[in-house]
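I opened my notebook to look up a few spots in this structure. My entries follow in the order I made them.

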Amino acid sequence: MTAYSILDLAPIVEGGDAAQSFANTRDLAQHAERWGYNRYWLAEHHSMPGIASAATSVVIGHVAQATSTIRVGAGGIMLPNHAPLVIAEQFGTLESLYPGRIDLGLGRAPGSDQTTARALRRNLDSDPNAFPHDVQELQAYFADPQPGQKVVAVPGAGLNVPIWILGSSLFGAQLAAALGLPYAFASHFAPGEMMNAIDIYRSRFQPSAQLDRPYVMLGLNLFAADSDEQANLLFTSLQQAFVALRKGRPGPLPAPDARFLEQVEGPAREMLDHALACTAVGNPDSVKAQIRQFLESTRADELMLTGQIHDHTARLRSFEIGAQVMAELTA
């Protein structure tokens with residue numbers, strides 16, 4: 001049985017602002033809980049005009065307070081931006097406020113450009129190659145304190161907040177396997193190494209206190225509507241945003257543009273088709289067939305559905321269809 005969850009980038013749409021984004025996130029999370037979604041994750045990005053979840057732990061608290069049963073977490077926290085102790089205290093606080101509902105997904109990318117990363121860290125001395133050590137340091141803060149331990153996460157110690165490793169390359173797969181942690185692959189924007197990463201993770205997995213067998217979650221863009229035409233129109237918002245980002249011009253999430261793809265040719269179109277290959281677009285029957293094929297080829301334990309949709313009502317409808325489809329496929 002495949003679980004299904006939501007990754008929300010808390011989009012700031014053209015003509016909107018962060019306050020509206022947070023209200024929409026709260027509303028979507030409440031609907032998602034009723035529709036049977038397993039978890040609701042938010043991601044750390046910085047200096048991005050179209051993404052409001054920079055203070056990720058704060059927004060997680062906003063969602064957890066508005067819901068009661070759905071798991072809420074980070075997909076993810078970019079650990080090189082932070083001291084592990086700070087993250088242990090933040091997520092220890094969240095776990096203390098909302099016990100048994102908090103997840104902590106960890107990535108080693110900056111979630112920003114180099115200039116923004118320098119503003120976050122004041123320098124770039126933190127080494128992404130230290131990521132495995134930082135993950136283990138964070139695990140130690142969540143464990144029961146040891147005799148003589150001089151630095152203790154308060155709150156955090158003894159809470160054993162579940163940690164996930166996120167990735168879009170083989171590095172994360174290898175680390176998650178070695179540490180015996182669940183693995184979430186960013187196939188919704190970087191699918192190139194997906195199958196290799198899954199194979200490496202499953203074949204090298206070492207059981208741990210947190211997990212006794214491999215557990216793979218895969219990102220999948222979802223643009224579902226009552227007609228294929230409407231769904232493809234909704235998809236153009238993400239396509240526009242992706243092209244703008246690759247050109248170094250990120251902005252608020254644009255409104256759909258039925259003629260956008262007519263303006264995209266050559267390498268840009270190839271980039272879009274490759275980067276967004278893991279996308280289900282269409283009416284309920286179309287989406288169901290695409291998701292079934294994706295599950296059969298990957299054998300994912302869980303799908304993390306995401307959809308950068310400009311209109312909030314259309315976004316709600318897309319995730320409602322997603323929940324209906326997943327319930328049918330996993331019945």
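**Entry: His 188.** I began with a histidine. His 188 has a relative accessible area of 15%. The cut-off for buried is under 20%, so His 188 counts as buried. I noted that this is a predicted model. Next I looked up where His 188 sits: in the loop between strand E6 (183-185) and helix H7 (194-204). Then I listed its contacts, leaving out residues up to four places away in sequence. His 188 touches Leu 7, Gly 219, Leu 220, Asn 221, Ala 275, Leu 276, Cys 278 and Thr 306.

**Entry: helix H7.** Which residues of H7 are buried? I found Met 194, Ala 197, Ile 198, Ile 200 and Tyr 201. They cover an arc of only 165 degrees around the axis, so they lie on the same side of H7. I then checked what covers these buried residues. The cover includes helix H6 (170-179), E6, strand E7 (216-224) and helix H10 (284-298).

**Entry: aromatic pairs.** How many aromatic pairs does a search of the whole structure find? It finds eight. I wrote down two of them.

Trp 41 and Trp 164 form an edge-to-face pair. Their centres are 5.2 Å apart, with 85 degrees between the planes. This pair links distant parts of the chain, 123 residues apart. Trp 41 is in strand E2 (residues 39-42), and Trp 164 is in strand E5 (residues 163-167). Both Trp 41 and Trp 164 are buried.

Tyr 183 and Tyr 201 form a tilted pair, 5.4 Å centre to centre, with 40 degrees between the planes. Tyr 183 lies in strand E6 and Tyr 201 in helix H7, so the pair ties together parts 18 residues apart in sequence. Tyr 183 is buried, at 0% relative accessibility. Tyr 201 is buried too, with a relative accessible area of 0%. I also saw that Tyr 183, Phe 185, Tyr 201 and Phe 205 form one aromatic cluster.

**Entry: Ser 318.** Is Ser 318 buried or exposed? Ser 318 has 0% relative accessibility, so I put it down as buried. Ser 318 is in helix H11 (residues 312-329). Leaving aside neighbours within four places in sequence, Ser 318 is in contact with Leu 222, Phe 223, Ala 224 and Ile 309.

**Entry: a pocket.** Last, I looked up the second largest pocket. It holds about 220 Å³ of space. Its lining residues include Gln 139, Phe 142, Asn 160, Pro 162, Leu 181 and Ser 208. I sorted the lining: eight nonpolar, four polar and no charged residues.

Technical notes. Residues are numbered from 1 along each chain as its sequence is written. This is a predicted model: local features need pLDDT of at least 70, side-chain atom pairs count only at pLDDT 80 or more; totals for chains, interfaces and linings use all residues. Side-chain values use heavy atoms; hydrogens and water are left out. Helices (H or I, at least four residues) and strands (E, at least two) are DSSP runs, numbered from the N terminus. Buried means under 20% relative accessible area, exposed over 50%, partly exposed in between (1.4 Å probe, protein chains only). Contact means heavy atoms within 4.5 Å. On a 1 Å grid over the protein atoms alone, a cavity is a set of points where a 1.4 Å probe fits but cannot get out, and a pocket is an open set with protein on both sides within 12 Å along at least five of seven lines; lining residues have an atom within 4 Å of a point. Grid points are joined across faces, edges and corners, and a volume is the space filled by probe spheres set on the points. Ala, Val, Leu, Ile, Met, Phe, Trp, Tyr, Cys and Pro count as nonpolar, Asp, Glu, Lys and Arg as charged, and the others, Gly among them, as polar. The arc is that of the directions from the helix axis to the C-beta atoms. Rings of Phe, Tyr and Trp (its six-membered ring) pair if their centres lie within 6.5 Å; planes under 30 degrees apart count as stacked, over 60 as edge-to-face and the rest as tilted.
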